[in-house]
Amino acid sequence: VILPSEKMDWGAFLFNVFWSMLMSLLGDYLCQRYLETRKTIDAGRLLRSLLTPGLDGGVAGFLWYGYVMPWIFPGEETFGLLLKMLACDIFLYNPLSASENMALNLRLGGHSWAYIAKKLRTDVPSFAISAIPLWGPLTLGVFYFVPTAYRNLVIRTWGLLDKLMVSYFINKEVPKEKLADAKTQ
């Protein structure tokens, strides 16, 4: 998809990226403080969450919901078309985005590619399945009620819950029996 610069709303783009980064930062902080009950917050991990899924998720989400989805599914948004958009979002965008976010975040954290490959095989399927009840109804509602220009913002705000899940899945250890041939750094 080629995006002509004169049609791109750069203010909305920057705000969406900022908002995604804020939700990722807050999601990882809440995960560390309340799900993992850490006494000390890992600042390096917070920084990684700003970059991925924050920064790259904001960019990818803005382009996906604002340009790619309308390009793949042009025309009037009937209920049948909305269901196709939902399926594409849940079964294509979500697993690819989760894989990319997890891989980049772990690599920035110093993990080996072998560890990352094991982690992706272990956690992405369960993450993708667990995201369906969170994202399915919301995404359908967003596609049905929210104008295209505001979809990513609504999704990124709801994404705070997703960022808690992402942070948890990225940072939980792969069971030792699944790491038999993967070396961690």
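**Inside the cavities of a predicted model**

Q: What makes up the lining of the largest cavity, by class, in this predicted model?
A: Sorted by class, that lining has seven nonpolar, five polar and four charged residues.

Q: What makes the largest cavity a cavity, and how much space lies in it?
A: A 1.4 Å probe fits there but cannot get out, so the term cavity applies. About 170 Å³ of space lies inside. Of the 16 lining residues, Tyr93, Asn94, Ser97, Arg156 and Asp162 are the closest to the centre.

Q: Which elements give two or more residues to that lining?
A: Helices H2 (43–72), H3, H4 (113–145) and H5 (148–171) do, and H3 gives the most, with six residues.

Q: Why is Tyr93 called buried?
A: Buried means under 20% relative accessible area. Tyr93 comes in at 13%, so Tyr93 counts as buried. Tyr93 sits in helix H3 (residues 79–108).

Q: What is Tyr93 in contact with, leaving aside neighbours within four places in sequence?
A: With heavy atoms within 4.5 Å as the test, the list is Gly57, Ala60, Gly61, Trp64, Tyr65, Cys88 and Arg156.

Q: Which helix gives the most to the lining of the second largest cavity?
A: That's H5, with five residues. Helix H1 (10–35), H2 and H5 each supply at least two. Its lining residues include Ser24, Arg45, Asn105 and Lys163; by class there are three nonpolar, five polar and three charged residues.

Definitions and conventions
Residues are numbered from 1 along each chain as its sequence is written. This is a predicted model: local features need pLDDT of at least 70, side-chain atom pairs count only at pLDDT 80 or more; totals for chains, interfaces and linings use all residues. Side-chain values use heavy atoms; hydrogens and water are left out. Helices (H or I, at least four residues) and strands (E, at least two) are DSSP runs, numbered from the N terminus. Buried means under 20% relative accessible area, exposed over 50%, partly exposed in between (1.4 Å probe, protein chains only). On a 1 Å grid over the protein atoms alone, a cavity is a set of points where a 1.4 Å probe fits but cannot get out, and a pocket is an open set with protein on both sides within 12 Å along at least five of seven lines; lining residues have an atom within 4 Å of a point. Grid points are joined across faces, edges and corners, and a volume is the space filled by probe spheres set on the points. Ala, Val, Leu, Ile, Met, Phe, Trp, Tyr, Cys and Pro count as nonpolar, Asp, Glu, Lys and Arg as charged, and the others, Gly among them, as polar.
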